[in-house]
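Let's take a friendly walk through a protein model and the molecule it holds. Have the picture open as you read.

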Amino acid sequence: MPTPQELLEALRQVKYPGFSRDIVAFGMVKDIAVGGAGVTVQLAPSTDNPDIIAQIRRGVVEVLGPLVQVPVEVVIQRPAAAGIRPHPEVPGVRYVVAVASGKGGVGKSTVAVNLALALNAIGQRVGVLDADVYGPSIPLMLGIEERPRSTEEKRLIPVSRYGLKVISMGLLIPEGHAVVWRGPMVDKLLTEFIKNVEWGELDVLVVDLPPGTGDAQLTMVQKAPLSGGIIVTTPQDVALLDVRRGIKMFEEVHVPVLGVIENMSYHICRRCGHRAEIFSHGGGARMAEQFGIPFLGEIPLLQEICTGGDHGSPFVLAHPEHPQSRALIAVAEKVIARLEEQERRRLTLH
Ligand SMILES: Nc1ncnc2c1ncn2[C@@H]1O[C@H](COP(=O)(O)OP(=O)(O)O)[C@@H](O)[C@H]1O
Ligand SMILES: [Mg+2]
């Protein structure tokens with residue numbers, strides 16, 4: 001009879017449905033008991049989706065059955081109720097909101113920065129955590145060159161800029177140095193950053209995630225104390241397919257999706273104000289409706305948004321009276337309303 005350790009190794013062949021990672025790497029195998037009459041595997045999947053659980057269960061039996069030649073019992077430990085997470089375990093921080101996108105270049109960081117400033121404009125105390133380890137762009141967008149200092153206890157002190165408290169990987173690595181991140185470092189990074197930074201008192205901590213919704217992003221958000229996720233997309237069909245994956249990623253880890261923002265939705269001509277629909281816009285709204293998640297708003301392609309980002313002077317600050325800035329403030333209000341609604345629901349359910 002193989003040992004539990006050998007069986008655990010064998011279980012690495014069971015992939016988590018939809019991801020290239022296996023259930024062992026995801027930390028779902030909690031116990032393997034080997035007895036003469038049978039083998040019992042305790043699994044704690046992060047989802048309560050019955051299809052996914054059934055697939056994992058089948059995978060385990062298929063892999064272990066031939067090895068042990070006794071019945072294999074799979075016991076599923078129930079995850080915490082869907083959609084309900086403990087209050088972020090970060091002292092002083094009320095809500096932690098992650099901004100995700102299916103791929104790079106859709107304006108995720110632009111949205112994260114302008115949303116943070118819009119939240120600040122409506123009176124929230126806001127922090128920004130640039131967790132895009134592969135392409136941290138928040139310092140450039142906010143025009144930050146200063147390096148964060150640390151306390152005697154080696155906790156990082158965020159850099160203050162435009163009323164926001166900011167920490168970015170880009171501020172910690174010397175310029176021009178590429179960092180090769182090993183999987184386990186990336187896994188822990190988000191949680192470490194959320195917990196080991198002196199955020200002080202914050203209403204909202206906005207997290208700019210690395211682009212994509214694959215294994216790296218999933219493992220990052222899996223353990224982090226997130227209150228909600230926002231998905232940024234562009235209107236093209238391909239991007240909308242990515243939204244599905246984004247929603248799935250948050251659902252897998254029980255992070256409520258606060259909504260979808262469609263960026264570069266249409267183009268407004270600077271000279272004549274003509275509005276051109278470059279891609280058939282409105283897909284974000286349709287997609288949100290189809291998935292039963294809120295549509296938070298659409299942001300046009302605007303030259304001022306692009307130049308502002310490149311020059312460290314974000315749009316919402318540089319053009320506070322612009323209708324689009326006001327639209328972003330409306331998005332910020334929706335985000336807060338959603339977070340509060342969720343909080344009320346959590347309190348009444350407990
Ligand atoms: N609504 C917009 N209008 C004009 N330019 C935009 C808009 N949103 C993003 N951009 C520009 O597109 C580029 C990519 O945006 P960025 O926020 O860095 O994307 P991501 O973080 O998704 O990779 C940047 O140069 C940015 O200034
Ligand atoms: Mg970015």
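Before we start, a word on names: helices and strands are runs assigned by DSSP, numbered from the N terminus, where a helix has at least four residues and a strand at least two. Keep in mind, too, that this is a predicted model.

Let's begin at ligand 1. Which elements supply at least two residues each to the shell around it? They are the helices and strands labelled α3 (108–121), β10 (257–268), β12 (295–301) and α10 (303–310). The shell has 16 residues, and those that come nearest are Gly 105, Lys 108, Ser 109, Thr 110 and Pro 300.

Now look at the backbone. A backbone N or O atom of Gly 105 sits 2.8 Å from an oxygen atom of ligand 1, and one of Val 106 lies 3.2 Å from an oxygen atom of the ligand. Leu 302 places a backbone N or O atom 2.9 Å from a nitrogen atom of ligand 1. Taken alone, the ligand exposes 560 Å², and the protein buries 81% of that.

Next, find strand β5, residues 126–130. Is this strand mostly buried or exposed? Five of its five residues are buried. In a regular strand, side chains alternate between the two faces of the sheet. In β5, Val 126, Val 128 and Asp 130 are on one side, with Gly 127 and Leu 129 on the other, and both faces are covered.

Finally, meet the neighbours of β5. Five bridges join β5 to β7 (residues 164–168), and the two run parallel; here Asp 130 stands opposite Ser 168. Five bridges also join β5 to β8 (residues 202–208), again in parallel, where Leu 129 has Val 207 as its bridge partner.

How values were computed. Residues numbered from 1 in each chain as written. Chains lettered and ligands numbered in written order. Predicted model: local features only at pLDDT ≥ 70, side-chain atom pairs only at ≥ 80, totals over all residues. Heavy atoms only, no water. Near = heavy atom within 4 Å. Polar contact = N/O pair within 3.5 Å; in protein donor to acceptor, adjacent residues only side chain to side chain. Areas by Shrake-Rupley, 256 points an atom, 1.4 Å probe, with all protein chains shown as cover. Buried < 20%, exposed > 50% of the residue type's maximum accessible area, 1.4 Å probe, protein only. Pairing = 2+ DSSP bridges.
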